[in-house]
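Me: I would like to learn how to read a few features of a protein model, one at a time. Could you start with contacts between side chains and then move on to helices?

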Amino acid sequence: MDRRNVDNHAVAFLQLRQQRLAEKVRRAHVDRVEQVKLLDDVDPAVRYWAVVGLLALGDKAADAADALRARLADTAPAVRIEAAWALSGLDHGDKALAVLLRELEGDNPHARIRAARALQMLGEKTRSGRESINRAFQDCERALADHWRNKTDEKYDRYVWCALGPAVKALAK
């Protein structure tokens with residue numbers, strides 16, 4: 001077997017493993033203890049799905065807060081953001097909110113969109129970050145105006161703007 005076949009088999013195995021875990025989480029067949037163990041997996045996609053599963057458990061994942069807090073420094077932005085969202089939902093939000101705001105202001109467009117969505121869904125729990133959220137929203141408005149004026153299509157700013165709009169309105173009350 002040549003090197004390419006080995007690489008293809010390894011990739012196929014990882015994808016199958018990720019798909020199976022995602023399906024288990026979707027069907028709630030992964031218990032909380034297993035999800036916490038999976039937070040330390042070498043594969044960032046597995047860590048992501050473990051965090052998503054804990055996020056879906058809501059208050060039932062409260063005893064996983066320490067394990068989730070460790071994921072705030074994960075190498076994968078999606079894992080950091082989902083962990084921050086989960087922790088904020090469990091009222092462990094100071095550090096978690098800081099992670100979301102940092103990702104919102106970062107250079108990775110996919111992370112910005114994911115962070116904006118988490119902030120939108122957290123609603124009132126993000127009040128202490130209101131100034132940063134407003135600033136990011138206004139930056140996106142300016143960027144969108146530039147794109148419209150120059151007839152370019154910048155979907156990432158539009159997505160962030162759409163996600164932050166309801167959050168800005170809710171926090172203005």
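Reply: A polar contact is a pair of N or O atoms within 3.5 Å, where, within protein, one must be able to donate a hydrogen and the other to accept it. In this model, which is predicted, such a contact of 3.4 Å joins the side chains of Arg 47 and Thr 75.

Me: Where is Arg 47 found, and is Arg 47 buried or exposed?

Reply: Arg 47 belongs to helix α3, which covers residues 44-57. Because buried means under 20% relative accessible area, Arg 47, with 6%, is buried.

Me: Which residues of α7 are buried, and why are they on the same side of α7?

Reply: An α-helix has 3.6 residues a turn, so residues three or four places apart point the same way. In α7, the buried residues are Ala 111, Arg 112, Ala 115, Ala 116, Ala 118, Leu 119 and Leu 122. They lie on the same side of α7 because they cover an arc of only 165° around the axis.

Me: What caps the N-terminal end of α7, and what follows α7?

Reply: The cap is Asn 108, which has a side-chain oxygen 2.9 Å from the backbone nitrogen of His 110, while the residue that follows α7 is Gly 123, with a positive phi near 55°.

Me: How do α5 and α6 pack?

Reply: Helix α5 (residues 77-89) and helix α6 (residues 93-104) have axes 8 Å apart and pack at an angle of about 140°, and they are therefore oblique to each other. The crossing in which α5 passes α6 is left-handed.

How values were computed:
Residues numbered from 1 in each chain as written. Predicted model: local features only at pLDDT ≥ 70, side-chain atom pairs only at ≥ 80, totals over all residues. Heavy atoms only, no water. Buried < 20%, exposed > 50% of the residue type's maximum accessible area, 1.4 Å probe, protein only. Helix = DSSP H or I, 4+ residues; strand = E, 2+ residues; numbered from the N terminus. Arc of directions from axis to C-beta. Axes fitted to C-alpha atoms, helices over the stretch in contact; angles between N-to-C directions. Parallel < 35°, antiparallel > 145°, perpendicular 65-115°, else oblique. Left-handed = near helix turned anticlockwise from the far one by under 90°.
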